[in-house]
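Subject: Structure handover

Hello,

Please find the structure we spoke about handed over here. My notes come after it.

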Amino acid sequence: MVGALVAGGWGLFAGAALLVGAAIGSFVVVPVRWIALVMAFGSGVLIAAVSFELIAEAYERSGMTPVVAGAAGGAVVYSGANALLARRGARHRKRSGQEQPSETEEPGSGNAIALGALLDGVPESLVIGTSLLGGGHLGAATVGAVFVSNLPEGLASAAGMRRAGRGRRYVFALWGGIAVVSGLAALAGYALLGGAPASAMALITALAGGAILAMIADTMIPEAYSKVHVLTGLVTVVGFLAAFAMAHA
């Protein structure tokens, strides 16, 4: 029980970065280029976490088959859900500019954005809970990667929501709720999967990894590239190397 609560606490901590970013985006005018650069850095951090901590861990647990099945399945589920939500107005939920529609322009887009934020956050948090089952070191690196990547997501999304006419109450309620759900997802990952066989753990870890990779490619990197263009690749690599160093420190 204590371990599950610890996992939930780390998930809540990582999810709280969204709320911190939202506060900055709501009260401080941050240049969109800076937001995009931090988004690119966060993309690199998450790519490293997926590569060296999720996919590699899944492979070591149970071989190639669960890795391929899980990662492909996670990407398909995420991409399908993301495409559905995009039609409802959540396509630009991570954009900091004028791309997000208002409720007047597209009724129901606020709910779609909320569901999209949930879709983005749950796989990361589930991984935090399951990774802590391995003894804690892997989980700590994963928490750091998710926290660093969540900060620019919250910042960019909140800035875009404000420009679309959504109030601060909506912004903070959304990200506060996602932070709580992140903690619950991490707790559930630890509590429900503690006794799962290695093959099931590998499949679930790879599934979350595939969903996160699809999320990076669909939402984070396009936002960064739309604002800073050729710097995106360089800053993404810097984030990748920073996370790799943190994981092996």
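This is a predicted model: local features need pLDDT of at least 70, side-chain atom pairs count only at pLDDT 80 or more; totals for chains, interfaces and linings use all residues.

Whole chain

The protein chain is built with eight helices and zero strands. Read from the N terminus, the order of elements is therefore simply α-α-α-α-α-α-α-α. Of the 249 residues in the protein chain, 49% are buried. As for contacts with a separation of 6 or more, 84% of them in the protein chain involve residues 24 or more positions apart.

Helix pairs

Two packed helices are described by the angle between their axes and the distance between the axes. Two pairs are reported in that form below.

Helix α1 covers residues 2-27 and helix α6 covers residues 168-193. Their axes come within 7 Å and cross at roughly 160 degrees. An angle over 145 degrees counts as roughly antiparallel, so α1 and α6 are roughly antiparallel to each other. Their crossing is right-handed. Sorted by class, the residues in the contact of α1 with α6 are 20 nonpolar, eight polar and one charged.

The other pair is α2 with α7. Helix α2 takes in residues 32-62, and helix α7 takes in residues 198-228. The two pack at an angle of about 160 degrees, and their axes are 8 Å apart. By the cut-off already given, α2 and α7 are therefore also roughly antiparallel to each other. Here α2 passes α7 in a left-handed crossing, whereas α1 and α6 cross in a right-handed one. The contact of α2 with α7 has 23 nonpolar, six polar and four charged residues.

S43 is located in helix α2. Is S43 buried or exposed? Its relative accessible area is 0%, and because buried means under 20%, S43 is buried. Which residues is S43 in contact with, leaving aside its neighbours within four places in sequence? They are I216, M220, I221 and T236.

Regards

Conventions. Residues are numbered from 1 along each chain as its sequence is written. Side-chain values use heavy atoms; hydrogens and water are left out. Axes are lines fitted to C-alpha atoms, for helices over the stretch in contact, and angles run from 0 to 180 degrees between N-to-C directions. Helices (H or I, at least four residues) and strands (E, at least two) are DSSP runs, numbered from the N terminus. Angles under 35 degrees count as roughly parallel, over 145 as roughly antiparallel, 65 to 115 as roughly perpendicular and the rest as oblique. A crossing is left-handed if the near helix is turned anticlockwise from the far one by less than a right angle, and right-handed if clockwise. Ala, Val, Leu, Ile, Met, Phe, Trp, Tyr, Cys and Pro count as nonpolar, Asp, Glu, Lys and Arg as charged, and the others, Gly among them, as polar. Buried means under 20% relative accessible area, exposed over 50%, partly exposed in between (1.4 Å probe, protein chains only). Contact means heavy atoms within 4.5 Å.
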